[in-house]
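Q: I've just opened a new structure and I'd like to learn how to read it. Could we go through it together, one feature at a time?

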Amino acid sequence: MTAKNSATQRTAIAVDSPPRPGTPQPPTTRGTSTAPAAASAPSARGTLLAALGVVAFSLTFPSTVWGLESFGPWSLVAVRSTLAALIAGAFLLAMRVPPPARRHWAGLAVVAGGVVVGFPLLTTLALQTSTTSHAAVVVGLLPLTTAAFAAIRTGRRPSRTFWIAAVSGAAVVIAFTLQQSGGAVSTGDLYLFGALLVCAAGYTEGGRLAALMPGWQVIGWALVLCLPLMAVGSTVALSFEPVRLSAHGIIGLVWVAAGSTFFGLYVWYRGMAAIGIPKASQLQLAQPLLTLVWSVSVLGESLSPAAPLAAAAVLLCIAVTQRARS
């Protein structure tokens, strides 16, 4: 086919004709080698970041038990939150992140109350009488609790399969706690159930805010919001509760502050943004089982036969809810 240009010269224009049936075609190489690599690189990096977050979270309970060797429960929670807030504030200043809009501070307060203060405090109080393996199974219900809160908060209506799996998971955890405590709910279990509720509320509100700003900034500003209260709380708690410094206690404090509270949430949100919530949630299924491993290998706890069975049943229910949501 030809066309005339402005100089009236005849110039050839290449037009691809459709291949004849049965004619072998040469392999196409344009764009096939770089696109998959470019797409897989962020996915692999996001998976690694989310997996690091899960590992960091799984060490929270063993680190808390170590921290309680040196600090009282109120001191441990106040000091860990203060240290985490100082780290978060330094990052926000170094990256020159502007403060959130005024309309977002109420949501950040919910995140702070649930994730920064409520969950650490209630689980720390629970771990004074409960083992980490027991707490890991109960708190393994957190993804289901968060999903239920999210459904209520957003007004969405999950499928019947979702709710059947969620209720089944809750029934497994309740049966496990009753079996472990001789037919009655202990004070530690009440603390753990309360921790589930406040953390699920914080996660739900944090997920909403993460659609408006980077997720790590959500937890960063929530920590900074708690800094004045936690700084005063640290001073008061340390004056009333005895401090017996030990290597385990210091390591536990440093990890729950820098590892679980800041680093874990930072890499978790970054990874979740890269690979999406469904894939990240699948990685989080390993968290209760990892905590069971740490409770035996690091703390030397004896694992009851019911603990891994209950954890596996809860994970199965979570997997069903994830599939039902997608």
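Predicted model: local features only at pLDDT ≥ 70, side-chain atom pairs only at ≥ 80, totals over all residues.

Q: Is His-134 buried or exposed?

A: The general idea is a set of cut-offs: buried means under 20% relative accessible area, exposed over 50%, and partly exposed in between (1.4 Å probe, protein chains only). His-134 has a relative accessible area of 8%, so it is buried. For a contrast, look at Val-232 in helix H9: its relative accessibility is 52%, so it counts as exposed.

Q: Which residues does His-134 touch?

A: Contact means heavy atoms within 4.5 Å. Leaving out residues up to four places away in sequence, His-134 touches Phe-176, Thr-177, Gln-180, Asp-189 and Leu-192.

Q: What about the protein overall: how many helices and strands are there?

A: You'll find 13 helices and 2 strands. Of the 326 residues, 44% are buried. Among contacts between residues at least 6 apart in sequence, 86% join residues at least 24 apart.

Q: How do I read an aromatic pair, and how many are there?

A: Rings of Phe, Tyr and Trp (its six-membered ring) pair if their centres lie within 6.5 Å; planes under 30 degrees apart count as stacked, over 60 as edge-to-face and the rest as tilted. By this rule there are 3 aromatic pairs. One of them is Phe-57 with Trp-268, edge-to-face at 6.1 Å centre to centre, with 65 degrees between the planes. That pair links distant parts of the chain, since Phe-57 is in helix H1 (residues 34-58) and Trp-268 is in helix H10 (residues 247-275), 211 residues apart. Phe-57 is buried at 9% relative accessible area, and Trp-268 is buried at 8%.

A: Trp-105 and Trp-221 also form an edge-to-face pair, 6.0 Å centre to centre and with 80 degrees between the planes. Trp-105 is partly exposed, at 27%, whereas Trp-221 is buried, at 11%.

Q: Which residues touch the most other members of the largest nonpolar core?

A: A nonpolar core is a set of buried Ala, Val, Leu, Ile, Met, Phe, Trp, Tyr and Cys residues joined through side-chain atoms within 4.5 Å. The largest has 29 residues, and those touching the most other members are Val-111, Val-116, Val-218, Ile-219, Leu-223, Leu-265 and Trp-268. H1, helix H3 (73-94), H4, H9 and H10 each supply at least two of its residues, and H9 gives the largest share, 8 residues.

Q: Which residues of helix H12 are buried, and why do they line one face?

A: In H12 (residues 287-297), the buried ones are Gln-287, Pro-288, Thr-291, Leu-292 and Ser-295. Seen down the axis of H12, they fall within an arc of 145 degrees, so they line one face of the helix. The arc is that of the directions from the helix axis to the C-beta atoms. An α-helix has 3.6 residues a turn, so residues three or four places apart point the same way.

How values were computed. Residues numbered from 1 in each chain as written. Heavy atoms only, no water. Helix = DSSP H or I, 4+ residues; strand = E, 2+ residues; numbered from the N terminus.
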